[in-house]
Amino acid sequence: MEERIITAEQLAQAQRFGDFVPVYKVDASTIVKTGDSVRLAEAEAMKLVHQKTTIPVPKVYNAYIDTATGHARIVMEFVQGDVLADVWDKFNGDQKQEVLAQLRGFLSQLREMKGSLIGSVDGTACEDQLFSDEPGAYGPYQDEAAFNEGIVAALKNTQTSGWVDTVSNMVLALKGHEIVMTHGDLCPRNVLVQGTRVTAILDWEMAGYYPAYWEYVKALYRPAWESSWIKDQAIDKILDSYPLELAVLLHANSIGAW
């Protein structure tokens with residue numbers, strides 16, 4: 001099982017989790033994530049988190065490049081559970097607090113993992129989908145100042161104006177944050193539960209070492225603002241809040257660079 005290879009025939013017969021979801025259920029205990037947007041760095045992040053924390057993540061059985069397609073394939077454990085987004089509204093206040101307490105504990109463990117370079121755990125690139133459709137177009141970065149310069153470069157490649165210059169100066173003023181391990185897409189669709197017990201945190205494709213505010217900002221980058229998850233202020237109960245950094249990077253987002 002540790003070196004399992006998924007054939008084209010197996011993939012064709014597998015159950016896909018959604019039209020735009022690159023995840024397939026191969027059998028009762030195995031799923032594979034594969035496609036042109038999938039990177040092996042995701043598997044490295046999951047293995048690292050599994051080794052260093054008690055955060056529940058699917059066990060990675062194998063990760064490799066398929067020679068026929070050139071796509072990364074991550075073969076991993078299928079974890080039973082309900083998607084938190086589907087059951088959150090069914091929980092009462094105490095049940096919601098049980099889930100949030102677990103998530104806060106897990107994210108606290110993640111933030112104990114410190115980094116030096118800013119970018120994905122394999123050090124090959126910063127978060128591709130933040131700045132560019134081309135993998136490795138930006139990053140990795142040596143420190144927070146260089147990371148800020150990367151954001152500014154993305155802004156100024158999008159457009160030039162006085163507003164872009166103003167927001168760029170805001171970004172350059174961000175400093176003094178620890179570099180910590182970050183999931184990068186913390187939301188209820190990426191959490192599995194059985195009852196109120198968290199059984200898995202999924203989708204580590206955005207994971208890497210980033211400034212301490214990054215998890216909070218990304219969790220509020222483009223949420224369903226009218227959902228009860230947001231109205232319950234769930235993110236502020238899981239993570240330390242960074243309202244200034246959020247405001248600055250939402251301004252950056254409005255320019256269209258990310």
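Helix H6 (144–158), helix H7 (162–172) and helix H8 (214–219) are among the elements that cover the buried residues of helix H11, where contact means heavy atoms within 4.5 Å and buried means under 20% relative accessible area with a 1.4 Å probe, protein chains only. The model is a predicted one: local features need pLDDT of at least 70 and side-chain atom pairs count only at pLDDT 80 or more, while totals for chains, interfaces and linings use all residues. Residues are numbered from 1 along each chain as its sequence is written, and side-chain values use heavy atoms, with hydrogens and water left out.

Back to H11. The residues tucked away here are Glu 245, Leu 246, Val 248, Leu 249, Ala 252 and Ile 255. Helices (H or I, at least four residues) and strands (E, at least two) are DSSP runs numbered from the N terminus. With 13 residues (243–255), H11 should span 18 Å at 1.5 Å a residue, and its end C-alpha atoms agree with that, being 19 Å apart; the expected span is 1.5 Å times one less than the number of residues.

Five strands make up an open, antiparallel sheet in the order S1-S2-S3-S5-S4, two strands being paired if DSSP finds at least two bridges between them. Strand S1 (15–16) and strand S4 (60–65) are the edges, each pairing on one side only. Strand S2 (residues 23–27) and strand S3 (residues 30–35) are joined by four bridges, and Tyr 24 has Val 32 in S3 as its bridge partner. S4 and S5 share five bridges, with Val 60 partnered by Met 76 in S5. The hairpin of S4 and S5 has six residues between the strands, and Gly 70 takes a positive phi near 80° there.

As for the rings, there are eight aromatic pairs, counted for Phe, Tyr and Trp (its six-membered ring) when centres lie within 6.5 Å; planes under 30 degrees apart are stacked, over 60 edge-to-face and the rest tilted. Trp 88 and Trp 229 pair edge-to-face, at 5.0 Å centre to centre and 75° between the planes. Trp 88 sits in the loop between helix H3 (84–87) and helix H4 (93–111) and Trp 229 in helix H9 (residues 228–231), so this pair ties together parts 141 residues apart in sequence. Tyr 210 and Trp 214 are stacked, because their ring centres are 5.7 Å apart and their planes at 20°; both residues are buried. Ring pairs also link Tyr 141, Phe 147, Tyr 210, Tyr 213 and Trp 214 into a cluster.

Terms used. Buried < 20%, exposed > 50% of the residue type's maximum accessible area, 1.4 Å probe, protein only.
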